[in-house]
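Please look over the sequence and the structure below.

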Amino acid sequence: MTTQKKAGVLGATGSVGQRFILLLSEHPDFKLEVLGASARSAGKRYEDAVTWKQTFLLPESAKDIEISECTVEAFKDCDVVFSGLDHDYAGPIEKAFKEAGLAVVSNAKNYRREPDVPLIVPITNTDHLSVIEEKINKAKTAGQEKPGFIACISNCSTAGLVAPLKPLVDDFGPLDLITTTTLQAISGAGYSPGVPGIDIIDNIVPFIGSEEEKIEWETKKILGTVNASKDGFNLISEEDLKVSAQCTRVPVSDGHTECISFRFKNRPAPSVEQVKESLRNYVCEASKLGCHSAPKNAIHVLEQENRPQPRLDRDRDNGFGVSVGRVREDTVLDFKMVVLSHNTIIGAAGAGILIAEILLKKGLI
Ligand SMILES: NC(=O)C1=CN([C@@H]2O[C@H](COP(=O)(O)OP(=O)(O)OC[C@H]3O[C@@H](n4cnc5c(N)ncnc54)[C@H](OP(=O)(O)O)[C@@H]3O)[C@@H](O)[C@H]2O)C=CC1
Ligand SMILES: N[C@@H](CC(=O)OP(=O)(O)O)C(=O)O
C-alpha cells in the first residue's frame, strides 16, 4: 500500500512546472496526480501540450496525464499543490485553492508580501512555517476543518543571498549593511518569451525588472522572525538593515552567482576563519529532519581562488546546496564573498519540493 501524498502542479507546462514534474517523477513521498495549465492546454495529453526544455527526458509517468484547467474541482483530492503559474494568473487561482482548504506551495511572487504567508528558503528559515502550524493547531482545537494555506518560495537571487548570511546572523548577531551584485542565469527568465539569444550572446544585460526591489524586500522578511502570537512576521526595519542589490543577466544557462559584501552590527566583527567555520558547521533543519532532498551540506565553503563557477559548482547536493568562495575581509564593509546557487532548484522548484518534504515531516500536509 502506498503512503505517498497526492501532488498536483499548477502551471505544469512552464519552465518551473517542468522542473516540478522532473523532481516529483521519482519522489518517494509524493505521487504526481493532477497537472494544470491554461485553457489552451487543458484536455491535451501532457506530452502533446508541453514544449519540454529540460536536459533530462520527459518522465514516462507524466506523458499521458491529461491537463486540467486550474480549478479547485480538478485538484480537490491533492494533499499538496505546487504552483509554477505565471504571476499574471497565479493570484486568484492560488487564493481560491487556499480558501478551499488546499495546501499550496507557490513559486509565484503574488503572496510573498502577505503578512501571514511564510516566505521560505528551505535551507534557511523553516522556523517561519510555525505560522502555518499555529493556524492548523488553532483550527483543530476549535474543531474546525484543516485550513488551507499558501507557503511561498522566495525569489531565486534572494535565496542565494540569505542562505549563507543566516548562519552568520545566528552565530554573530545582526547585519546592518548588505550589498549584492548578481550575475543571473538565463533560465531565471523562463522560456516564453525568455531572454532572446541575440540579447545575451557575447553580452551582459544590466537590468532585470523588479529583481532588485524583490531582493531588498524579501531579505528583510526571511532574516526576520516569527511574531509572538505566531500569526505573522517581524520584518527587519529599514533603520536596522540596509540591503542594496544590482542585478545583471549573463550568458549562463543555470546558476545565479552573487558578489556580496556585508557588515555586522556588533563590534568587534568575527574573523574570516570564524565566518568560514560558521558556514562549514551549518546544518539546516531539513537535513536534521531527514528530508529526502535535503542537502548533506547546505553551504559548501570553497577554498580555491577561482571558485565557485556555475558550470562546475551549481549541482552540489543535486542543486540543493549553495557554494561560497573567496571569503575575505572587505575594505568598505566587514566581509565579501562570492555565492553560487542553482536558480531553478534551490531558487525555485527544488525549494518547493523541499518545503513540502518539511511540511510532511512536521505533519502539516
Ligand atoms: N523561470 C524561473 O527560473 C523562475 C520563475 N519564477 C516564477 O514562476 C512562475 C512561472 O515561471 P515560468 O515557469 O518561467 O513561466 P512560463 O511562462 O514558462 O509558464 C507559465 C505557466 O502558467 C500557465 N498559464 C499561463 N496562463 C494561464 C492561465 N490564464 N491560467 C492558468 N495557467 C496559465 C502556462 O500554461 P500554458 O502552457 O497552457 O500557457 C504555464 O504552464 C512565474 O511567476 C515566475 O516569475 C520563479 C523563479 C524562477
Ligand atoms: N527574476 C528571476 C526569477 C525569479 O525568481 O523570479 P520571481 O521573483 O518572480 O520568482 C530571474 O530572472 O532570474
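**A strand pair and its sheet**

Strand 8 (residues 175-184) runs antiparallel to strand 12 (residues 256-264), and eight bridges join the pair. Strands here are DSSP runs of E with at least two residues, helices are runs of H or I with at least four, and both are numbered from the N terminus; two strands pair if DSSP finds at least two bridges between them. This is a predicted model, in which local features need pLDDT of at least 70 and side-chain atom pairs count only at pLDDT 80 or more, while totals for chains, interfaces and linings use all residues. Residues are numbered from 1 along each chain as its sequence is written, chains are lettered from A and ligands numbered from 1 in the order in which they are written, and side-chain values use heavy atoms, without hydrogens and water.

**Sheet**

- Thr179 has Ser261, in strand 12, as its bridge partner.
- Six strands form an open sheet with mixed pairing, in the order 11-8-12-15-14-13.
- Strand 11 (242-249) and strand 13 (299-302) are the edge strands, each pairing on one side only.
- From one strand to the next, the twist averages 20 degrees.

**Helices on the sheet**

- Helix 7 (residues 156-172) packs on the sheet and touches strands including strand 8, strand 12 and strand 14 (322-329).
- The direction of helix 7 makes about 30 degrees with that of strand 12; axes are lines fitted to C-alpha atoms, for helices over the stretch in contact, and angles run from 0 to 180 degrees between N-to-C directions.
- Helix 9 (residues 211-222) also packs on the sheet, where it touches strand 8 and strand 11, and its direction makes about 145 degrees with that of strand 11.

**Domains**

- The protein chain is divided into domain 1 (5-155 + 349-361) and domain 2 (156-341), with bounds from an automatic or database domain assignment.
- The centres of domain 1 and domain 2, taken over C-alpha atoms, are 24 Å apart.
- In domain 1, 36 residues are in contact with 40 residues of domain 2, contact meaning heavy atoms within 4.5 Å.

**Cysteines**

- The whole structure has zero disulfides, a disulfide being a pair of cysteine sulfur atoms within 2.5 Å.
- For Cys291, the nearest cysteine sulfur is that of Cys284, 8.1 Å away.
- Cys291 counts as buried because its relative accessibility is 6%; buried means under 20% relative accessible area, exposed over 50% and partly exposed in between, with a 1.4 Å probe and protein chains only.
- Cys156, at 13% relative accessibility, is buried as well.
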